[in-house]
Amino acid sequence: MVVSMACVIGVLLSMLSFTSGMLRAYGAGGDPDFAVVLSPDNGTEYGNAIPPAAVGTILDAPGIAAGPDGHPLGDAEVLLWVPPMPSLRFTGSPELRGIGAAGLALRPNLSIVAGRMFRFGRQELIVGVRAARAYGLHIGDGIALPGGEWPIVGMFTDGGSILEGQLVGDAITVISAGHASGFGSVLVRLTRPDAFGAFSRWVASNPALKVTAERRAHYAARTVNLYSGFFTELAYVIGAIMGVGALFATVKLTYAAVSSRTHEIATLRAIGYQPLPMAVAVLLEAAVLSLVAAALGGAAAWLFFNGRLVADIHSVFDLTVSPRLFMVGIAWALTLAVLGGLPPAIRAARLSVAQAHRAT
Amino acid sequence: MKYFPLIWTALWRKPVEAVLVWLAVTAAFTLFGLMAGLHVTYDHLLQSSRMDRLDINARFPGASPNGLLLPIGLQRQIARIEGVSAVGSYYWLWGYYQDPHKRARIIAVDRAMRAAWSELPLTSLQWDRLFAAPTGVFVSRQPAARLGLKVGETFPLIAASGLRADRNPTWEFHVLGIVPDDPRIGPFILGNYAYVEQSQPLRDQGLVWGFRVAVAKGARGDEVSLRIDRHFANSGTPTLTIPDRTNAVYAINSGFSLATKIWPIAGAGIFMILLLTANGIAQSVRERTSEFAVLETLGYPGRNLMALVFAEALIPCMVGAILGTGLAGFLTRVPARYLPSYLSGIPKPTLSPQVLAWSIGCAVLLAAASALAPMLRLRRLSVTDALAGR
């Protein structure tokens with residue numbers, strides 16, 4: 001029974017680790033101070049819909065925090081795909097994010113671990129450690145982009161965020177090299193989380209701008225949902241079917257346990273224990289075993305899948321079997337235990353003493 | 001068959017537990033059937049995807065002033081490349097119909113697409129009608145049902161506002177016909193590129209999303225792809241050409257794909273009940289040792305007793321496998337609106353006779369694995385010990 005429940009929970013948690021890892025990398029539920037300004041036609045950071053002239057207007061909006069030099073903490077950025085390159089581990093193409101100088105101030109966790117930072121105005125790139133692992137990139141490799149090969153001059157980490165799966169360069173250089181018409185998004189830091197309302201209204205109702213604002217945490221959650229929604233649903237459907245099987249297995253095995261201990265239960269009843277404690281004892285036993293199963297299944301999922309690098313179409317991140325996921329596993333296990341243990345518990349309670357003695 | 005009453009009583013010794021085991025086995029085989037069906041579907045998709053159809057797009061979308069679009073002038077050059085038998089251009093138009101949530105995409109094609117994309121389920125007459133009516137579209141069954149379109153109706157598509165020269169966001173189309181779905185192509189709405197181009201402002205004309213190439217007989221799709229890309233490598237519009245089959249293989253196996261998880265999940269389900277059935281059989285044999293001893297005393301050969309145990313393990317597994325596969329088949333027929341929203345996007349598992357054969361084979365293996373230990377124990381059964389109750 002422990003093993004069958006552990007199987008269900010192991011499979012469920014392994015599949016849910018995909019969504020969990022993506023959520024963690026995108027920083028969903030992260031800093032409420034950050035907001036992104038996007039084009040309403042697009043709704044994503046891709047594209048070139050925000051013209052450079054509009055960026056100044058956006059940075060004049062109320063609610064944006066000011067940096068140490070007095071300039072507003074906002075950064076115009078662009079996100080694009082790089083053409084596929086041969087790679088040892090994964091096929092596919094990494095993404096390139098162009099940021100401005102303010103972008104570095106907005107990302108305090110970004111630190112160079114090898115090589116050096118790219119210089120603004122030059123056609124240079126730095127690569128995140130995850131992208132380097134996934135696509136086999138090293139310092140000195142050239143990425144084929146307009147203007148020729150842009151060399152990778154450094155490697156960086158950013159606290160495990162999705163940026164580690166991307167290449168980073170200077171936004172203005174990227175846009176001008178590609179003859180693009182504008183930026184894809186503007187990232188701003190607000191003075192306080194509740195300054196978002198005023199900021200968003202100002203930006204949306206400004207006749208010179210055609211943009212919308214969204215909290216970055218919300219945008220991250222929406223993006224993750226878009227990319228991983230089906231996988232989560234699939235995980236639950238498969239978990240449900242396996243769970244039904246585990247449920248019947250639990251009922252069967254608990255019945256077997258009760259019937260093999262009929263003598264014991266009869267003796268306890270003869271001594272004077274009431275039926276209800278008998279039933280509760282059976283349920284408790286099932287619950288404890290299910291917790292062991294949850295621990296086993298969770299440990300197996302963690303052992304095999306936690307920290308595994310995944311390169312999905314848009315994102316490179318590590319699978320995460322998070323504490324929240326363990327809670328989900330425990331909840332499932334306990335539900336199975338209670339539902340599965342109930343019929344045998346009722347039977348144990350209704351066992352008449354004489355009947356039980358006769359049976360043995 | 002004289003053994004049948006023995007097997008029957010053995011199965012129904014503890015009826016409640018027998019039914020529960022059988023239900024658990026059915027659930028595990030439902031999962032197995034769904035996973036095996038998915039495998040068969042992916043296999044069919046790969047087998048039927050073609051190496052002699054190529055898709056050409058812009059190689060460096062970030063680098064070109066046209067972004068993801070290619071100039072239509074490339075078509076003539078591509079047609080002259082060795083190995084190309086036909087090349088057609090296509091333009092995608094996204095928008096919505098009536099309600100912003102009813103999104104639609106029109107694939108506007110030119111006349112040459114008739115030869116290049118010949119596997120589309122349109123008859124020759126339908127192609128003629130499509131090119132005769134600039135605003136005509138042919139809709140495949142799935143989007144027609146989703147959008148509620150009928151033959152002869154006007155189909156105004158509301159797209160982004162800057163696309164038309166007259167700045168009108170609405171594009172008028174007319175539904176000429178509804179064509180069957182083809183799972184290899186997916187849902188589509190086919191329109192006329194000529195109409196799209198005429199309605200665009202002058203500076204946007206002559207740009208398409210991509211080309212489709214039909215490779216000539218005897219030529220290899222991958223070689224022709226490389227040839228096309230090499231031709232345009234040093235031009236202002238480098239291309240990326242990918243055969244359909246390569247695209248399909250990549251799509252199925254990339255990232256955290258479902259296709260690679262199929263057998264581990266099915267295996268986990270079977271493993272889960274393996275222990276259940278093994279436990280059940282072992283316990284049942286243990287409790288009936290004296291019965292088996294009596295049978296052996298009466299003269300039944302040891303081999304027959306082992307076969308009895310195997311049959312006792314096999315019957316619930318077999319019945320569970322058949323019922324589970326049937327239930328999986330039933331689940332795949334559930335209409336899409338009862339499914340959670342994202343799941344309708346994954347391919348439907350095909351419950352073919354091959355899947356049933358796999359399930360039955362798996363059931364036999366399961367029974368053999370569960371009954372192995374008890375069978376071996378029976379072989380070493382000492383009749384005197386068993387009868388004495390030791």
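Mentor: Start with a cut-off. A residue is buried if 20 or more other C-beta atoms lie within 10 Å of its own. It is exposed if 12 or fewer do, and partly exposed in between. Keep in mind that this is a predicted model.

Trainee: Why does A:Ala61 count as buried?

Mentor: A:Ala61 has 24 C-beta neighbours inside 10 Å. The cut-off is 20 or more, so A:Ala61 counts as buried. A:Ala61 sits in the loop between helix 2 (52-59) and strand 2 of chain A.

Trainee: Which residues does A:Ala61 touch, leaving out those up to four places away in sequence?

Mentor: A:Ala61 touches A:Phe199, A:Trp202 and A:Val203. By contrast, take A:Arg97. A:Ala61 and A:Arg97 are 36 residues apart in sequence, and their C-alpha atoms are 24 Å apart.

Trainee: What makes A:Tyr227 partly exposed?

Mentor: A:Tyr227 has 18 C-beta neighbours inside 10 Å. A:Tyr227 belongs to helix 7 of chain A. Its C-alpha lies 18 Å from that of A:Arg215, twelve residues apart along the chain.

Trainee: Why is strand 2 of chain A called largely enclosed?

Mentor: Count its residues. Strand 2 of chain A covers residues 74-81, and seven of its eight residues are buried, so the rest of the structure largely encloses it.

Trainee: How do you know that strand 2 of chain A pairs with strand 9 of chain A?

Mentor: At least two bridges are needed. Strand 2 and strand 9 (residues 185-189) of chain A have four bridges, in the antiparallel sense. One contact to look up is A:Asp75, whose bridge partner in strand 9 is A:Leu187. Strand 2 of chain A also pairs with strand 3 (residues 95-99) of chain A, antiparallel and over four bridges. There, A:Leu80 stands opposite A:Leu96.

Trainee: What makes helix 1 and helix 7 of chain A roughly antiparallel?

Mentor: Their axes cross at roughly 175 degrees and come within 8 Å. Angles over 145 degrees count as roughly antiparallel. Helix 1 and helix 7 of chain A are therefore roughly antiparallel. Their contact has 21 nonpolar, eight polar and no charged residues.

Trainee: How many residues does each chain put into the contact between chain A and chain B?

Mentor: Chain A gives 37 residues and chain B gives 36. On the chain A side, helix 1, helix 7 and strand 11 (309-311) each supply at least two residues. Helix 7 gives the most, with 17 residues. By class, this side of chain A has 26 nonpolar, seven polar and four charged residues.

Trainee: What do strand 3 and strand 4 of chain B form, and how many residues lie between them?

Mentor: They form a hairpin with six residues between them. B:Gln98 lies in that loop.

Trainee: What makes the phi of B:Gln98 stand out?

Mentor: Most residues other than glycine have a negative phi. The phi of B:Gln98 is near 65 degrees, a positive value in a residue other than glycine. B:Arg167 also has a positive phi, near 60 degrees. B:Arg167 is in the loop between strand 6 and strand 7 (170-179) of chain B.

Trainee: Why do B:Gln98 and B:Arg167 count as exposed?

Mentor: Exposed takes 12 or fewer neighbours. B:Gln98 has 12 C-beta neighbours inside 10 Å, so it counts as exposed. B:Arg167 has 9 other C-beta atoms within 10 Å, so it is exposed as well.

Key:
Residues numbered from 1 in each chain as written. Chains lettered and ligands numbered in written order. Predicted model: local features only at pLDDT ≥ 70, side-chain atom pairs only at ≥ 80, totals over all residues. Axes fitted to C-alpha atoms, helices over the stretch in contact; angles between N-to-C directions. Parallel < 35°, antiparallel > 145°, perpendicular 65-115°, else oblique. Nonpolar A, V, L, I, M, F, W, Y, C, P; charged D, E, K, R; others polar. Contact = placed C-beta atoms within 7 Å.
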